[in-house]
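Here is a walk through one model, going from a helix and its sheet out to the chain as a whole. Have the structure open while you read.

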Amino acid sequence: MAAPIGNVVIPGDTFSLLQLQPNDEHKKILLGPGLKEEEAEIKVLRPGILRFRKPGVYWVDCHHKRYIPAKGDSVIGIVNQKVGDIFRVDIGSSEQASLSYLSFEGSTKRNRPDVKVGDIVYAKLLVANKDMEPEIVCIDGYGRSNGMGVIRNGGFLFHTSLNLARKLLNPECTLLKSLGNRFQFEISVGVNGRVWIKAANDVQTIALVNSVIASEYKDNDQIKEMCKRISKAVSRMEVD
Amino acid sequence: MRETPLSNCEREFILNFIAQQKRLDGRKAYDYRDLRIAFGVSLGCCHVELGKTRVLAQVSCEVGEPKQTRPHDGVLYVNVELSPMACPSFEQGRQSEEGIELSRLMERCLKESRCLDLESLCIVSGEKAWHLRVDIHVLNHEGNILDCASIAAISALAHFRRPDVSVHGEEITIHTLEERNPVPLSLHHMPLLVSFTFFSQGKYMLIDPSSKEEKVMEGKMVVGMNKHRELCTLQVTGQMLLLKEQVLRCSSIALTKVTRITELIHEALENDKQARLKGDKHGFAVLVSGDKVTSNRLPKTEVKVDTLEVSDDMGESQSSEDESGNEPMEEHTEGVPKESAVEILTKGVGMIGEGGASTWLDVPQADTKQLAAKKQKHKVSKMEEDEGSSEEEEKVILK
């Protein structure tokens, strides 16, 4: 019996290695979140949907709100504190991340970046380790900002579940496509479940925020339908 | 645990939006969120939902000595629990400043308004009296715990029944619930708290703030009132100055809100009473429907465009149904099929959605019927070719 890929698994379910790897035994298996190897069998630790990706990656997809830092993730954080040379940034993990003032584009010891407490930053995780404080940077390997840095000029920040954030980041995301056909807006999504949206005006921004939140339990057709209704409603409001 | 800080971006946006006379969730300035009142199976247990804020109140009683200073009175304790379950920033055990303020206000609302006749709780003067205890547990914090808690507490007190007591000389008997019907407490009136939040030097005022609005507010005024227009509590916190007119306006708004909420409480109490009398399902069991997964339940208010067409001046998508108290929540379940037109297969048999012909029909009969239908259809289509009517319509006409 093959592993129930795409089906719901619950904690305590076990698979043998053979179940996960039905055809080629020389392939490596990679166990992602929610799975653990224990005494030659694989245990499920989280309730969710078992997913598989070639060549041999297995993980459990479940509803999550708490972010666990992983190296290389792009996140949105809120600057909480200024301590000497570093900023403490809340990225939704159990510990606050640190952000050095030197890790902004064009910043030097003399030329400090203009970051205030309460600002939001789009950054990448440089260090993510279970025993260490996470560290984020706003530059890439070449010292360029590459879209990262402090997010300014209004807009609205809100929190979603991590699943929804990943869904939005999917290049095939129906919601953003169909919203993009109707509205002009800027969006930045952190994998830590924080989303920043800015549209032409406040009413549109809120409409977009609500449609993103409402899309969590909708399928693609329903999302399209919703976008149509929202754009109608918003345009009517703006005429008045 | 730390609370997620509020970013400048959110703060500015919310304040800006309020200045445009709009709110994030689409309510108007004087709107409450949806209010639901439910009672538990045990007496004096009340669960109140105000939007996503949830509070559970439980009243209990025991016999003890009355206070020395008031030998003819029973005693009422009010206890507010803020556990980390409600909001991660609340700490277990230690009372925060917010917690102290909350429990103090609740005490003032319930004890100092003298809504409860404490003298009737006395059993033997100076020796024995009922000690009532109201435990208020905050289950979820999404703003405005205070109003929610006051509704829960007063409804729980109105719902509570204490055991009957008879005194013969020296002998005191407390009758069990089986021996004698328990007695309700004598509530003179129902004081409720209504909080008003102020923004930009008291320029803008909102009722029933959400947790984000509470974070950006400048100050808060709490009005405790009953439906007889009697002021029970008044408190102003925060750094702002208020005009006399504003206070008067707040109190008149509070009156309308309190009257409406009191009605809702009475309605909920009456519903519970009727359910108990009839032996229907009562208590929290009613809240749970067995055939649905409730964990993903969302009240269908996130984006409700239908009502938007009616109220054009609203900021966005949520309905502004004020205090739509006992309305059932609509449920979102994943993969709900779209509404599609009913397709008529044979006479008296309709089909909704996909799935093909019904297999419940008597097969041979249906076949012959269909054949007959086809034959006739040919004739009909020959006759009315230019009309181009669809097959379905013909079927309906033929049978």
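Which strands of chain B does helix α2 lie across? Helix α2 (residues 97-110) of chain B lies across β11, β13 and β14 of chain B, and runs at about 160 degrees to β14(B).

## Ground rules

This is a predicted model, where local features need pLDDT of at least 70, side-chain atom pairs count only at pLDDT 80 or more, and totals for chains, interfaces and linings use all residues. Residues are numbered from 1 along each chain as its sequence is written, while chains are lettered from A and ligands numbered from 1 in the order in which they are written.

Helices (H or I, at least four residues) and strands (E, at least two) are DSSP runs, numbered from the N terminus. Angles run from 0 to 180 degrees between N-to-C directions, with axes fitted as lines to C-alpha atoms, for helices over the stretch in contact.

## The chain B sheet

The sheet under discussion is open and has four strands in the order β12-β11-β13-β14 (chain B), with antiparallel pairing; a pair of strands needs at least two DSSP bridges between them. β12 (204-207) and β14 (231-238) of chain B sit at the edges with a single partner strand each, so one side of each has no neighbour in the sheet. On average, neighbouring strands of this sheet are turned by 20 degrees against each other, direction ignored.

Between β11(B) and β13 (residues 219-225) of chain B there are seven bridges, and these strands run antiparallel. One of the residues involved is B:Val194, whose bridge partner in β13(B) is B:Val223. Helix α3 (residues 145-159) of chain B packs on the sheet too, touching β11 and β13 of chain B, and its direction makes about 175 degrees with that of β11(B).

As a reminder, an α-helix has 3.6 residues a turn, so residues three or four places apart point the same way.

"Buried" here means 20 or more other C-beta atoms within 10 Å of a residue's own, "exposed" means 12 or fewer, and "partly exposed" is in between, with C-beta atoms placed from the backbone.

B:Thr197 lies in strand β11 (residues 192-199) of chain B. B:Thr197 counts as buried because 23 other C-beta atoms lie within 10 Å. Leaving out residues up to four places away in sequence, B:Thr197 touches B:Leu206, B:Pro209, B:Glu213, B:Glu214, B:Met217 and B:Lys220; contact means C-beta atoms, placed from the backbone, within 7 Å.

B:Gln21 is in the loop between α1 (8-19) and β1 (35-39) of chain B, and is exposed, with 12 other C-beta atoms within 10 Å. B:Asp208 is in the loop between β12 and α4 (211-216) of chain B, but is buried, with 26 other C-beta atoms within 10 Å.

## Over to chain A

Chain A has five helices and 16 strands, and its C-alpha atoms fill a box of roughly 60 × 50 × 30 Å along the principal axes. Buried residues make up 34% of its 240 residues.

An open sheet of four strands in chain A has the order β1-β6-β7-β3, with mixed pairing. β1 (8-9) and β3 (30-31) of chain A are at its edges, each with a single partner strand, so one side of each is left without a neighbour in the sheet. Two bridges join β1(A) to β6 (residues 48-53) of chain A, running antiparallel, and A:Val8 has A:Ile49 as its bridge partner in β6(A).

Methods:
Contact = placed C-beta atoms within 7 Å.
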